[in-house]
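Reader: I'm new to this one and would like a close look at a single part of it. Could you start there and then walk me through the rest?

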Amino acid sequence: MEDLQDAILQSIIVKTDAKCTAKFGCVSQRWYSLASDDHLWCRFCAQDFNISSRLDPTGSPCSSYKETYEKWHEAFYMYPLSIVRRAKDCWDIIRNWTSTHFPEVANTLVPGASEDEIRRAEDKLGWQLPVSTRILYRFCNGQKIRHGGLPQTQQLSVLGLMGGYHFYNRHVNVHLLPLEEVLELTEHCASQITLPRGSKHIVIAASCNMNKFFFLDCSDGQLYVGTKNLAVTGEMMPCVSSTLIDVAQQDAMLMWLEEYGRQLEVGNFSVRKDGEDGNIWSISLFPEKEPLCSEAVTNGVQVRASAVFVPEESDLQESDDKYYFFYSIRMCLVRQEKISEGAMLSSCQLSRRHWVIRANDTIIADIHGDAVIGKYPYLKEGGDVFVYQSCCPLSTSSGSIEGDFTFVPGRYVIDTDSICLLYLQFGTFHVLI
């Protein structure tokens, strides 16, 4: 082997992995030099950790990709490499998205916890966290809301990483908890909620006003969300199908965050104005993309509609109104240059609405009524978007809403017989768990 040319040895090395290359470098000084080629270690960093820069896990610069790999390996050698990479990729997506679209939330993300911090948390709990959950907390120790321009209570209500929704006076905005708060809230819930004897549930995320809780079962790694009956009977719903969870890796929390990151990345969730005054922003869980969001434009009047499942208002013991959904309707007059054909209205006002609500494929309601919630929104080009949000209970876990709105060109007048009405039919938007 010593007689082989460097080029031949290099062609062998590139077909191996980082562990074999490290062993290769122990043979001789010459082989060590070949095995230390930084181009090799750049490839290993990308291959094993999806790293493209010479930074260690804390973000500190390294002198070479070889040193970078050594630092990452030292930090995570005790865990399955595939899960480490998944967790890193997941947090990279979430951090990049929040940094771009909602830096106020990005600034609440806490650097990863150390192995010692995780062990101390486990000692206080009395049991170990699932492997994938440990790795997730190594990359990010939840959220910590720091004092900023808004009052602390208002910051808590809008800066939840996991987003939320609101309608009427109901407001939900979910934060991912740091280990310290996981311990505190788990202890509090254990004294307030009826859970099975010997349960190893911990609270990993919660809404700021304590009306929505996510629980991780550390015995099998499944993730649950509390229902309306949580406080009384301890009723919860699984967030991830048990058939998808890897038994060995117990990765339900990781899968939940991965899916959430994908929804952010493709634009299905967005940052929207929140609150009655319309001056506060938060991550909205009302879908923005088809098929869960429907959009229709008629003569410049645009209507967008979508719905979100609300587990904390759902009652699995009910036969009729078992599953609760919130829906959001947004209407506005789009700018004229965006309309390719058809007459463009300069202004209009909502007159009537028509809903057809289905549970699965069965019509359960056919509603005709004046305007929405007693309001007759007046729309004009370049004006604000009118948002109408309400709720809909169903006996099934899936359904749909469709219908149409009647608008009056200009402003609404009493004598509708003498004016031309505009009918805008919006497509079906689905309600699904």
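Where in the chain is the place of N50?

Author: N50 sits in the loop between α4 (38-49) and α5 (65-76). Keep in mind that we're looking at a predicted model. The backbone does something worth a look here: phi of N50 is near 55°, a positive value in a residue other than glycine. Is N50 buried or partly exposed? With a relative accessible area of 36%, N50 counts as partly exposed.

You'll find A371 in the loop between β15 (362-370) and β16 (378-380).

E290 and P291 are joined by a cis peptide bond, with omega at about 5°. P291 belongs to the loop between β10 (280-284) and β11.

β11 is part of an open sheet of four strands, in the order β11-β12-β13-β17, with antiparallel pairing. At the edges stand β11 (293-298) and β17 (386-394); each has a single partner strand, so one side of each is left without a neighbour in the sheet. From one strand to the next, the twist averages 15°. In general, strands of a sheet pair through backbone hydrogen bonds, in either a parallel or an antiparallel way. Inside this sheet, strand β12 (residues 301-309) is joined to strand β13 (residues 323-333) by nine bridges, and the two run antiparallel.

Now for another group of strands, with β7 as the link. Strand β6 (residues 213-217) runs antiparallel to β7, and three bridges join them. L216 has L223 as its bridge partner in β7. Together β6 and β7 form a hairpin with five residues between them, and in the turn G221 has a positive phi of about 80°. Three bridges also join β7 to strand β8 (residues 236-238), again with the strands running antiparallel. Here Y224 pairs with P238 in β8.

What about the two faces of β7? In a regular strand, side chains alternate between the two faces of the sheet. Strand β7 (residues 223-226) is covered on both: L223 and V225 on one side are buried, and so are Y224 and G226 on the other.

Next, the helices. Two packed helices are described by the angle between their axes and by the distance between the axes. Take helix α9 (residues 131-139) and helix α13 (residues 252-265): they pack at an angle of about 50°, and their axes are 7 Å apart. That angle makes α9 oblique to α13. On the α9 side, S132, T133, L136 and Y137 meet M253, L254 and L257 of α13. Sorted by class, that contact has five nonpolar residues, two polar ones and no charged ones.

A second pair lines up in another way. Helix α8 (residues 115-125) packs with helix α11 (residues 179-192) at an angle of about 5°, with the axes 10 Å apart. The two are therefore roughly parallel to each other. Here E117, I118, A121, K124 and L125 in α8 meet L179, L183 and T186 in α11. By class, the residues of this contact divide into five nonpolar, one polar and two charged.

A disulfide is a covalent bond between the sulfur atoms of two cysteines. This structure holds zero of them. C20 counts as partly exposed, at 39% relative accessibility, whereas C189 counts as buried, at 4%.

Finally, step back to the whole chain. Its secondary structure comes to 13 helices and 19 strands. Buried residues make up 50% of the 433 residues. As for contacts, among those with a separation of 6 or more, 62% are between residues 24 or more positions apart.

How values were computed:
Residues are numbered from 1 along each chain as its sequence is written. This is a predicted model: local features need pLDDT of at least 70, side-chain atom pairs count only at pLDDT 80 or more; totals for chains, interfaces and linings use all residues. Side-chain values use heavy atoms; hydrogens and water are left out. Two strands pair if DSSP finds at least two bridges between them. Axes are lines fitted to C-alpha atoms, for helices over the stretch in contact, and angles run from 0 to 180 degrees between N-to-C directions. Buried means under 20% relative accessible area, exposed over 50%, partly exposed in between (1.4 Å probe, protein chains only). Angles under 35 degrees count as roughly parallel, over 145 as roughly antiparallel, 65 to 115 as roughly perpendicular and the rest as oblique. Contact means heavy atoms within 4.5 Å. Ala, Val, Leu, Ile, Met, Phe, Trp, Tyr, Cys and Pro count as nonpolar, Asp, Glu, Lys and Arg as charged, and the others, Gly among them, as polar. A disulfide is a pair of cysteine sulfur atoms within 2.5 Å.
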